[in-house]
Number of protein chains: 2
Amino acid sequence: MVRVINKKINRDKLLDQGVTMLMGQGFHGTGLKEILDAVKIPKGSFYNYFENKETYCAEVISHYIEPFIIQLQGHLQKPEMDALTGLKNYFNELIDELEKNQFKGGCLLGNLMGELGDTSEICRLSLQEAVNRYRDLIKQGLLKAQQEGAVRNDLSAESMANLLVDTWQGVLLRMKIEKSIVPLKSCCDNLLGGYFKA
Amino acid sequence: MVRVINKKINRDKLLDQGVTMLMGQGFHGTGLKEILDAVKIPKGSFYNYFENKETYCAEVISHYIEPFIIQLQGHLQKPEMDALTGLKNYFNELIDELEKNQFKGGCLLGNLMGELGDTSEICRLSLQEAVNRYRDLIKQGLLKAQQEGAVRNDLSAESMANLLVDTWQGVLLRMKIEKSIVPLKSCCDNLLGGYFKA
DNA sequence: GAATACAATACGACTGGTCGTCTTAATTGT
DNA sequence: ACAATTAAGACGACCAGTCGTATTGTATTC
C-alpha cells in the first residue's frame, strides 16, 4: 500500500520534471538520465512507471495542459466577471508568468508539435487531444462572451477559438527568439481587443 | 580551383539536405551521419565545411528562407496584380505545396524556434534574422495593399505583418497534428480576407 | 498472531549502438 | 617539393532500453 503511493509520487515527480525539461530542451535534447537524476529516481525504475520514453512524453503532454485548463476555468467561472474580460485577464496572467521566466520555455505543446508532430504518432495524438481540450474551453468562453454581447456573432466561437490558440502558439515562438513580450501583447490586443470585438 | 567549386557544391548539398532532415526530425533528432550518408559525403569531411553542428544549423536556417523570399517577391512584383491578391496567391501556393507533402515538415523556422530558441544563441539569432526578413517582405506587401486601398489603414503594416507571420507559424503547427489544411485556410480567410480588409 | 510463500516493485550495472568531434594520414593543386 | 584540402576512422561520451537481483508488500497457512 505504501508502495503504490510511492509509485504515484514518483510518477508525478517524473511527469513534473518532464514538463520542465522537455519544454526547455525538447524531446531529443533531453536524456532520460538527466530527468531521472534531477528527481533522484534510478534508471531502472523508469520502466516500471512508463513503457518507454515516447509514451512517457505523451503522458507529460496531458499532464502539462491540466493546470492551464484549471487556471482558465477559474477566470471564466467568476460570476462577477464577463467572459471577455476573463479571457483577457487569463492571457495577461500568462504573459506575466512568461515574463518572469525570461521568455524561456514557451509552450510545451507548441514546441513538441514542431519537433514530434511528424515522427511520433503517439505524441501527435496526445498533442491533438491537449490542444483541442484547451481550444474547447476557450471556445466556451468566447460563446459566453458572444451571449453577453461583447464578442461579434458573425464568426463562430469555434473558429475564433482556433485562431486565438493558433496565433498564441505562433507568438510564443516569436517571444522565444525575440526575448520580448511585445508579440504576446499585440496578439491579445489584435484578437481579443480588436478582431473579435462586437 | 576545381576544389573550391566542389567545396561549394558539397556545402550546398549539405545545406539542402539539412533543410529537409532538420525540418522533418528536428536538430537533436537528426544525426550528422544521417545527413552525410544521404548526400554521400564522408563523415570526416563535414568539419572542412562547417565549424560544428550548431553553426551548420544556423546556416541551414538562412539557406532555408531564401526560396520563400524569392517566391513571395515574385508574387508581389507582378505589375498587373494588386498586392493583397498577390499575398493571397502566395499563401495559397504554400498551402498547395504543404498539402502535396501530406502536411509533413511545416516550417523549419517554427520547428527550430521551439526546439532551439532557448538553448542555442547562434540559432536563435539566425532564426530572428530569417523571420524578420520574411516579415519585412510581407510588411512591404501589406503597405502596397494599403496604398491600393485594399487593406485597412488604421493598423500599421508592420503589426499586421507580425500577426500574419506569427499566426501562420501557429497554424502550421496545428496542421501537423491535425494533418489538415483547414487551419491554414482559415488563417488566410480570417486575416487577409477579414481582419485586414479595408 | 507468526511463519512462510509468492508476486510486485526497485534498482543499478550493463548492452549495443549512435552521438558530435578530433587526429592523422592521404590526396590534391601549385 | 610544398601547402592546403579532403577523408578515414578512432575517440570518449552518451543514448534508450534490458536484465538479473534485491527488496518489499500481500496473501496464505498454521
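What follows is a chat about the predicted model shown above.

Visitor: What kind of model is this, and what's left out of the side-chain values?
Guide: It's a predicted model, where local features need pLDDT of at least 70, side-chain atom pairs count only at pLDDT 80 or more, and totals for chains, interfaces and linings use all residues; side-chain values use heavy atoms, with hydrogens and water left out. Residues are numbered from 1 along each chain as its sequence is written, while chains are lettered from A and ligands numbered from 1 in the order in which they are written.

Visitor: OK, how many helices and strands does chain A have?
Guide: Chain A has nine helices and zero strands. Helices (H or I, at least four residues) and strands (E, at least two) are DSSP runs, numbered from the N terminus.

Visitor: And what box does chain A fill?
Guide: Its C-alpha atoms fill roughly 55 × 40 × 30 Å along the principal axes. Of the 198 residues of chain A, 55% count as buried; buried means under 20% relative accessible area, exposed over 50%, and partly exposed in between (1.4 Å probe, protein chains only).

Visitor: Let's pick a residue. Is A:N10 buried or exposed?
Guide: A:N10 counts as buried because its relative accessibility is 17%. You'll find A:N10 in helix α1 of chain A, residues 2-25.

Visitor: What does the A:N10 side chain have a polar contact with?
Guide: The side chain of A:Y49, at 2.7 Å. A polar contact is a pair of N or O atoms within 3.5 Å; within protein, one must be able to donate a hydrogen and the other to accept it, and residues adjacent in sequence count only if both atoms are side-chain atoms. Leaving aside neighbours within four places in sequence, A:N10 is in contact (heavy atoms within 4.5 Å) with A:I41 and A:Y49.

Visitor: Switching to chain B against chain A: how many residues are in contact?
Guide: 42 residues of chain B are in contact with 42 residues of chain A. The area buried between the two chains is about 3,600 Å², with carbon and sulfur atoms giving 55% of that. Buried area is the accessible area (1.4 Å probe) that two parts lose on being put together, summed over both.

Visitor: Which three residues of chain B supply more of the area than any other three?
Guide: B:D118, B:R174 and B:I177, with 21% of the area that chain B buries against chain A.

Visitor: How many salt bridges between chain B and chain A?
Guide: Four, where a salt bridge is a side-chain nitrogen of Lys or Arg within 4 Å of a carboxyl oxygen of Asp or Glu. In one salt bridge, the side chains of A:R174 and B:D166 meet at 2.5 Å, N to O.

Visitor: Which helix gives the largest share of chain B's side?
Guide: α8(B), with 13 residues of the side that touches chain A.

Visitor: Why is α6(B) called largely enclosed?
Guide: Because nine of its nine residues are buried. Among them are B:L108, B:M113 and B:E115.

Visitor: Now rings. How many aromatic pairs over all chains?
Guide: 19. Rings of Phe, Tyr and Trp (its six-membered ring) pair if their centres lie within 6.5 Å; planes under 30 degrees apart count as stacked, over 60 as edge-to-face and the rest as tilted. The rings of A:Y90 and A:F91 have centres 5.2 Å apart and planes at 70 degrees, so that pair is edge-to-face. A:Y90 is buried at 0% relative accessibility, and A:F91 is buried at 1%.

Visitor: Last one: is A:Q140 buried or exposed?
Guide: A:Q140 is exposed, with a relative accessible area of 52%.
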